[in-house]
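Please read it with the sequence and the model in view.

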Amino acid sequence: LKPGGRLGIYTPDRLHYVERLKAHGFLLEQFPQHIAVRRVDEYLVFLREAGFRVGLAAWSVSPFPAVRWLERLLAPLPLVGPTFRYRILLQASPGPA
């Protein structure tokens, strides 16, 4: 990155129910461009090991109106929430964790 630059990551979350269906070959197929769909904790480890400081770690729900309301309702819940978190949102910059 340029000095003062920040890295932004917007990527599928492996724990989301659609990604789980794709991983097991149920009804859906993984996009060939998604070479490695990971969990948020894996990205956090990668970034910190590479010398980045994570300033934002969040998630988003699906952009599809038919399922968005359900995911907004369920994503914050402690046990089932990760299953309804559509995308991982990370912002990081060089520096100590």
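Arg39 and Glu42 meet through their side chains in a salt bridge with an N-to-O distance of 3.8 Å, a salt bridge being a side-chain nitrogen of Lys or Arg within 4 Å of a carboxyl oxygen of Asp or Glu. This pair belongs to a network of salt bridges that links Arg14, Arg39, Asp41 and Glu42. The model is predicted: local features need pLDDT of at least 70, side-chain atom pairs count only at pLDDT 80 or more, and totals for chains, interfaces and linings use all residues. Residues are numbered from 1 along each chain as its sequence is written, and side-chain values use heavy atoms, with hydrogens and water left out.

**Salt bridges**

- By the rule above, the count comes to 4 salt bridges.
- Arg14 also forms a salt bridge with Glu42, in which the closest N and O atoms are 3.5 Å apart. Arg14 lies in the loop between strand S1 (7–12) and H1, and Glu42 lies in helix H2, so the pair ties together parts that are 28 residues apart in sequence.
- Helices (H or I, at least four residues) and strands (E, at least two) are DSSP runs, numbered from the N terminus.
- Asp41 and Arg39 form a salt bridge through their side chains, at 3.1 Å from N to O.
- Arg14 is partly exposed, at 35% relative accessibility, and Asp41 is partly exposed, with a relative accessible area of 38%. The classes are buried (under 20% relative accessible area), exposed (over 50%) and partly exposed (in between), with a 1.4 Å probe and protein chains only.

**Surroundings of Arg39**

- Arg39 is placed in the loop between H1 and H2, and its relative accessibility of 25% makes it partly exposed.
- Apart from neighbours within four places in sequence, Arg39 is in contact with Asp13, Arg14, Leu15 and Ile88, where contact means heavy atoms within 4.5 Å.
- The C-alpha atoms of Arg39 and Arg87 are separated by 10.0 Å, although these residues are 48 residues apart along the chain.

**Nonpolar core**

- The largest nonpolar core has 7 residues, namely Tyr43, Leu44, Leu47, Phe52, Ile88, Leu90 and Ala92. Helix H2 and strand S3 (87–94) each supply at least two residues of this core.
- A nonpolar core is a set of buried Ala, Val, Leu, Ile, Met, Phe, Trp, Tyr and Cys residues joined through side-chain atoms within 4.5 Å.
- Not counting residues up to four places away in sequence, Ala92 touches Arg6, Leu7, Leu47, Phe52, Arg53, Val54 and Gly55.

**Nonpolar surface patch**

- On the surface, Leu21, Phe26 and Leu28 form a nonpolar patch, with about 260 Å² of accessible area together.
- Patches are made of residues with over 30% relative accessible area and no salt bridge; like charges are joined within 9 Å, and nonpolar side chains (Val, Leu, Ile, Met, Phe, Trp, Tyr) within 5 Å.
- Accessible areas come from the Shrake-Rupley method with a 1.4 Å probe, and for residues only the protein chains shown count as cover.
- Leu28 lies in the loop between helix H1 (17–23) and helix H2 (40–49) and is partly exposed, with a relative accessible area of 38%.

**Two further arginines**

- Arg72 is placed in helix H3 (residues 65–74) and counts as exposed at 54% relative accessibility. The C-alpha atoms of Arg72 and Ser62, which are 10 residues apart along the chain, are separated by 8.7 Å.
- Arg48 is found in helix H2 and counts as partly exposed at 45% relative accessibility.

**Overall fold**

- The chain has 3 helices and 3 strands, which follow the pattern β-α-α-β-α-β along the sequence.
- Its C-alpha atoms fill a box of roughly 45 × 30 × 25 Å along the principal axes.
- Of the 97 residues in the chain, 29% are buried.
- Among contacts in the chain with a separation of 6 or more, 71% are between residues 24 or more positions apart.
- The chain exposes about 6700 Å², of which carbon and sulfur atoms supply 64%.

**Confidence**

- The mean pLDDT of the chain is 88, and 95% of its residues reach 70 or more; pLDDT is the predictor's confidence in each residue, from 0 to 100.
- Confidence is lowest in H1, at a mean of 85, and highest in S3, at 95.
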